[in-house]
Amino acid sequence: MLRRTTTISDIDSPAGLAELLDHHDYLADEGLTTAAYLALKMGRPLFLEGEAGVGKTELAKTLAAILGAPLIRLQCHEGLDAAQAMYDWDFPRQLLHLRAAEAAGAADVAALEGEIYDRRFLIARPLLRALETQPSVLLVDEIDRADDEFEAFLLEVLSDFTISVPEIGTISAPTPPVVVLTSNRTREVHDALKRRCLYHWLEHPDLDREVAIVRRRLPGCAERLAADVARAAGRMRAAGLIKPPGVAETLDWAEALLTLGAAELDPALAAATLGALLKHREDQETVRAGGLLHADGGRD
């Protein structure tokens, strides 16, 4: 029987990692398992790029579950700066400490200044938490949404897994965290950061794998319904939609249909539940007009 958690040294091959991923209901292809295995063994960040919903974030969550490690997530966005990602000082607590010291008659100003910049007043943001937590999985999610300046800062941190706090000193990770970076490719990430990582592009799964994913995540879903939903989702990805559905949306749609008692893809029921799959009105109109909701892709 597979253990609930393991260590990196226990994973002896990409096939062994694939088995562990499968045990945690993540069905990965050979390319992804090989890239993830090498990242674990070489101690390199894994840079995953691909359309939204193909399983990039889910891989980081699954690796954390396999290793029995906390998942520490840094969600990137425009304007993200080093303080938000690294650390900050707890000014209210520092102020309370100063007032308490003054009330107690503290006279040594130098000692008091040293006290307020003690580690206990430092708020660890995701990057610092990941360095101080052993073991940990650091997920830098949607790095393509951050600014160029943050990319440069992140590259420096990932180069030696240390953070310098002027008032305290350098904080280093005894063992570097497992790092997964994701990008939906809304913009190109600089080559300097990619060179620091192992890179893998995630495609949407093929039909058989997507059916297997649906049935694994939704055990009550009949094979006919899972196949119909996966085929329809595949046709929509090829239809030039604004936001093609990912695997996550396929699962939501299948669950909605299953909740309504569907055993196969009925066009009327599919149309009624389309909001679980497509989140743009224009995409829904394109799908309805193109007859893509039929199980065989045909029309009435």
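For these entries I took buried to mean under 20% relative accessible area. I note at the outset that the model is predicted.

**Entry 1: helix 10**

I looked up which residues of helix 10, spanning residues 207–217, are buried, and I found Glu210, Val211, Ile213 and Val214. Viewed down the axis of helix 10, these buried residues fall within an arc of 160 degrees, so they line one face of the helix. I then asked what the buried residues of helix 10 pack against. Their partners are helix 11 (223–237) and helix 12 (247–259).

**Entry 2: Arg237**

I located Arg237 in helix 11. Is Arg237 buried or exposed? With a relative accessible area of 17%, Arg237 is buried, because the cut-off for that class is under 20%. Its side chain makes a polar contact with the side chain of His204, at 3.5 Å. Not counting residues up to four places away in sequence, I listed the residues that Arg237 touches; among them are Glu210, His204, Pro205, Val247 and Thr250. Glu210, one of these, is also among the buried residues of helix 10.

**Entry 3: Leu21**

I found Leu21 in helix 1, which covers residues 14–23. Leu21 is buried, its relative accessible area being 1%. Leaving aside neighbours within four places in sequence, I recorded contacts of Leu21 with Tyr26, Ala28, Thr33, Leu59, Thr62, Leu63 and Ile66.

Note on methods
Residues are numbered from 1 along each chain as its sequence is written. This is a predicted model: local features need pLDDT of at least 70, side-chain atom pairs count only at pLDDT 80 or more; totals for chains, interfaces and linings use all residues. Side-chain values use heavy atoms; hydrogens and water are left out. Buried means under 20% relative accessible area, exposed over 50%, partly exposed in between (1.4 Å probe, protein chains only). Helices (H or I, at least four residues) and strands (E, at least two) are DSSP runs, numbered from the N terminus. The arc is that of the directions from the helix axis to the C-beta atoms. Contact means heavy atoms within 4.5 Å. A polar contact is a pair of N or O atoms within 3.5 Å; within protein, one must be able to donate a hydrogen and the other to accept it, and residues adjacent in sequence count only if both atoms are side-chain atoms.
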